[in-house]
Amino acid sequence: MSEQNRITSGVASTFQFHSGRHPKIEAMLSEGVKLKVAEHIYNLRTSTGLTQSEFAQLIGVEPAIIDELEEWDYEGDTLAMLAHIEKSFRRHVEAHIVPAHRLYPDVLLAATITGLKLTLFRHHPGRKGIERTNGNLNIPIKTRDDILHLRNELEPWQHALHRNRQELQIFALAGMTEWCHLDDDVRANFTGNPSEFMKAAETHNHLIAACMHYIETGGECTAIKQWRQEMDVPEEARYLAELEFALQHKTFEEFPDTEWLVQTLIGFVKSD
């Protein structure tokens, strides 16, 4: 299979279209990929504080290419250029290497870096969360306002993980196994299969949705039971072990929003 056909096949799979597509649908798929790449490159560049010219010089291309990519009208191989930018950029960024073998905490960290800064609910005064008392799940909900407060704590994570998954989707289409992310002073270089990170992001998102359902229904457990069925026992044990290991080793020390979410999800999963 040629490279172009491989990319076309990957795009089709990702966007869940079937064979025999009309040329207009093919064009829409291609433009959708260009848009996502444009957003990613713009976010990557602006997180460095560099101009288009400075960023282009850093990665060794003409400034016009960066402008065309960000304006969504680059006529070359967009995915190939994305891979080149990521590869070149990694050489100039000293960062911790995050491999795919510890997926769950890494995906949460990636969501913090690449999705949203989540400053709207970081360091909440009087933050409410899920705690365990005598081995039982204790959710401090007495009023509708408490429910709304917890929703406001959890919903931004769904958006962050969704956006993170969109970027991972592009890396998977480009056949990349290494990529770099940074947000202000936070830097991380990722290695592995982007599809595995996508699965981990979905695991978090489904559990957050189950938690929100539990909160709003006053303790209805259907959603968490469904999550457990989809996870299977060994994977659930690995999920918990990785998150607990991350807490013990203060992986999220600089990210109180992430740490709070991890504690919340662990408490929820361990509830009966």
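## Cysteines

Cys-221 is partly exposed, at 22% relative accessible area. Cys-180 is buried at 0%. Here buried means under 20% relative accessible area, exposed means over 50%, and partly exposed lies in between (1.4 Å probe, protein chains only).

The disulfide count is zero, taking a disulfide as a pair of cysteine sulfur atoms within 2.5 Å.

## Basis of the model

This is a predicted model: local features need pLDDT of at least 70, side-chain atom pairs count only at pLDDT 80 or more, and totals for chains, interfaces and linings use all residues. Residues are numbered from 1 along each chain as its sequence is written, and side-chain values use heavy atoms, with hydrogens and water left out.

The pLDDT (the predictor's confidence in each residue, from 0 to 100) averages 79 over the chain. A score of at least 70 is reached by 76% of the residues. Over residues 1–21, pLDDT stays under 50. That stretch has 24 contacts beyond four places in sequence, a contact being heavy atoms within 4.5 Å.

## His-40

His-40 sits in helix α2, residues 23–48. Helices are DSSP runs (H or I, at least four residues), numbered from the N terminus. His-40 is buried, with 6% relative accessible area. Leaving out residues up to four places away in sequence, His-40 touches Leu-82, Glu-86, Glu-167, Phe-171 and His-181.

## Helix α5

Helix α5 covers residues 78–90. Its buried residues include Leu-82 and Glu-86, both of which touch His-40. Ile-85 and Phe-89 are also among the buried residues of α5.

Notes: Helices (H or I, at least four residues) and strands (E, at least two) are DSSP runs, numbered from the N terminus. The expected span of a helix is 1.5 Å times one less than its number of residues.
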